[in-house]
Amino acid sequence: MRRKIVAGNWKMNGSTGLVEHLVGYVRSEVSCLDNGVEAVIIPPALYVRDVKSLAGDELSVGVQNVACWESGAYTGEVSAAMAKDCGCRYALVGHSERRQLFGETDAAVADKVAQLMSQGLNAIVCVGETLAEREAGQAEETVSAQVRKALAGVSGAEWQYVVVAYEPVWAIGTGKTATAGDAQAMHQAIRQVLKDLGAPADTMSLLYGGSVKADNAAALFAEPDIDGGLIGGASLVAQDFMSICQAMPAGTGR
Ligand code: PEP
């Protein structure tokens, strides 16, 4: 059965004040939902422990990035083991901002996935095409290659820790969203790539990200291959994040 996940990526936003205001509210509201959604808060790493201490069992916590290495002389980096030690259940890898602004390659993404697998942490592997790639008709080819390269080293029971987030680069933080139909088509293609890699694709969760808001979430989540969302801007506003969690259809998963 696929997990239904709504994950909030705070990016480099937030404060101790936001943690106190948002986490308590979301925790109490999520506990009233009966749609089976797993809400995940992914703050900057400095706030992970604060979020965790307020999250209880109702909310999961994640980090936005982990190092390619296990430990050692890598100033400024945070390891997968540290994320686990501080109570994280999830980590983003390969977010388009990491790829574009910090030169994160597919090989580095694969190394980060390996670190997370070694800790039994859930990797939310972000993939997505640029506008130029979409306009050139290369969207599916680009995204499929990213999935294959990121997950080439995953096998056996490790697949249970893999979540893929399809985030068209042109839709992140722009207010432009893929249509539900286009997002569904890409999710279906990703699921096929996962099958080709030998993954139990029908049981894996695939998230859509890119300007998801309270008013477009329900249409996206209604698609058969979209199991949740990775939310940026709207995750910083407690009521908006909750409205997106509420937009998940009820039921026991797909
Ligand atoms: C993101 O940062 O992953 C994201 C999808 O951002 P936004 O929702 O703001 O487009």
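The legends below describe close-up views of a predicted model. Local features need pLDDT of at least 70 and side-chain atom pairs count only at pLDDT 80 or more, while totals for chains, interfaces and linings use all residues. Residues are numbered from 1 along each chain as its sequence is written, and side-chain values use heavy atoms, with hydrogens and water left out.

**View 1. The largest nonpolar core has 70 residues.** A nonpolar core is a set of buried Ala, Val, Leu, Ile, Met, Phe, Trp, Tyr and Cys residues joined through side-chain atoms within 4.5 Å; buried means under 20% relative accessible area, exposed over 50%, partly exposed in between (1.4 Å probe, protein chains only). Leu 151, Ile 190 and Leu 194 touch the most other members. Leaving aside residues up to four places away in sequence, Ile 190 touches Val 127, Val 143, Val 147, Val 164, Tyr 166 and Leu 206 (contact: heavy atoms within 4.5 Å).

**View 2. Helix 7 spans residues 139-151.** Helices (H or I, at least four residues) and strands (E, at least two) are DSSP runs, numbered from the N terminus. Among the buried residues of helix 7 are Val 143, Val 147 and Leu 151. The packing partners of its buried residues include helix 5 (106-119), strand 6 (162-166) and helix 8 (180-196).

**View 3. Arg 2 and Asp 227 form a salt bridge at 3.1 Å, N to O.** A salt bridge is a side-chain nitrogen of Lys or Arg within 4 Å of a carboxyl oxygen of Asp or Glu. Arg 2 precedes strand 1 (4-9) and Asp 227 lies in the loop between helix 9 (217-221) and strand 8 (228-231), so the pair ties together parts 225 residues apart in sequence. Arg 2 is buried at 10% relative accessible area, as is Asp 227 at 1%.

Terms used:
Expected span 1.5 Å × (residues − 1).
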